[in-house]
Each structure stands twice: as C-alpha cells, then as structure tokens.
Amino acid sequence: MNTIPNSILPYSIHHESKNAIWHLSTLFLEHIPFHHERLIFCCIGSDRCTGDTLGPLTGSFLSKSISFPYEIVGTLENPLHALNLDSTLQELHHHTTKPFIIAIDACLGNENAVGHIAVQNGPILPGKAVKKQLPPIGDISVKGIVNVGGFMEMLVLQNTRLHISYAMAEKLARAFILAAHRYSLKRVDEGDQNTDNEYTRQQVSSLDLR
C-alpha cells in the first residue's frame, strides 16, 4: 500500500493536485474503519446555497454508486442541515450499536486554502462560519474549503461558485469509493476467498483517478 507523506491527521490537499483522489483514498483507508458495523457518512449542507452544497453533492454522488455499501445521510434530495441535524443525530445514536460517523461539510478559510480538502480526527462544528449553534458531529471530519472567510460569511457562501463545490464533491466521492474498493481488495489479499480477486482488482484499476 502506498502511503502519503505526513499522513497523520490533520491532513489537507488541494482537490486539483496530481493524484489527489488516490492520496485521499489512502488517507481514508488508513483512518476510516471500513470494517465497522455501522459506518455512516453524514454529508452536511443545504441545496439552497451554492457554497453549502459540498456535503449534499457528495452524498448524492455516493448514493448513486452501486458499489458503495455504507449508509449515507444527506443528499441534494434529502439534505442534512441546520433544521434536522439535531433530530437526525439523536436518531442515529438511538441504536444498540454506536455508529462511526464520517462528517463531510463545506467551510470557509484563508485565501490560500481555498480548494483544499482537510481531514482531521474529531467532530465538525457545522454552522460555525455563519454563527449558528449546532451540535458537533463526526468521529472524523472532512471539510472542503470553498471560499474565503472572515467577513459577511453567509453572503460569501451564497455567492460561491457552484463549480468549486461540485468539483470538490466529485473528487471526495470518488476517493471514498476508491477507498472502499481498496478495502475490499485488501480483504481479498488477506485471505478472504469469498470475493473474486481478479474482479475486484479490475474495479480498482478501471477507476478514473485524475
């Protein structure tokens, strides 16, 4: 398995960097427990604000992948946002098996950080950029820096180009899917004879990693 230099969290990479999808998939493979019984991808944001669509776009991309077997909460059709976040969290934790949650959300940052995808341990504080008090969510946080913060944040989010949210969400979804494929392949290599080794390798090699 290839490793990323300094892959200890926190970590960030620009979504247009060479091999960004592969590097992110390696990071996810190292830090996300794909074997967990209740692995949940919570994609936070609203489809009513272009700068806040990163989460629901990622959720929609993941939900369209027939080879991605994990639970997804938050899509363009059914967003996970300020109005339903608290009740959704209570519902997710009302289960005998505690979930492991990967939280995905857009955020604002410094000018030189725009376009970066940042990954760190611990929860996201959704709504922080626009001064909203929402419950923390996530065992691992994945944040896409879509624009510059520091002044009139809500207006900045509303005037963020949809292209950057779309491009980052697409890269993120492909990285998650690739990490899931690589996890399946890793299980094959470790002796799981119930999976078609050659078929799994072909799936990974056929993914467009640009």
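The model is predicted: local features need pLDDT of at least 70, side-chain atom pairs count only at pLDDT 80 or more, and totals for chains, interfaces and linings use all residues. Residues are numbered from 1 along each chain as its sequence is written, and side-chain values use heavy atoms, with hydrogens and water left out.

**Loop residue K98**
- You will find K98 in the loop between α3 (85–93) and β4 (100–109); helices (H or I, at least four residues) and strands (E, at least two) are DSSP runs, numbered from the N terminus.
- K98 counts as exposed because its relative accessibility is 60%, where exposed means over 50%, buried under 20% and partly exposed in between (1.4 Å probe, protein chains only).
- Leaving aside residues up to four places away in sequence, K98 touches H36 and R38; contact means heavy atoms within 4.5 Å.
- E37 is 61 residues from K98 along the chain, and their C-alpha atoms are separated by 8.8 Å.

**Strands around β5**
- Strand β5 (residues 116–121) pairs with β1 (residues 11–14) in the antiparallel sense over 4 bridges; two strands pair if DSSP finds at least two bridges between them.
- H116 in β5 stands opposite H14.
- Strand β6 (residues 140–148) also runs antiparallel to β5, joined by 5 bridges.
- I140 in β6 is the bridge partner of N121.

**Loop residue T160**
- T160 sits in the loop between α4 (153–158) and α5 (162–189).
- With a relative accessible area of 3%, T160 is buried.
- Not counting residues up to four places away in sequence, T160 touches T50, G51, V146 and N147.
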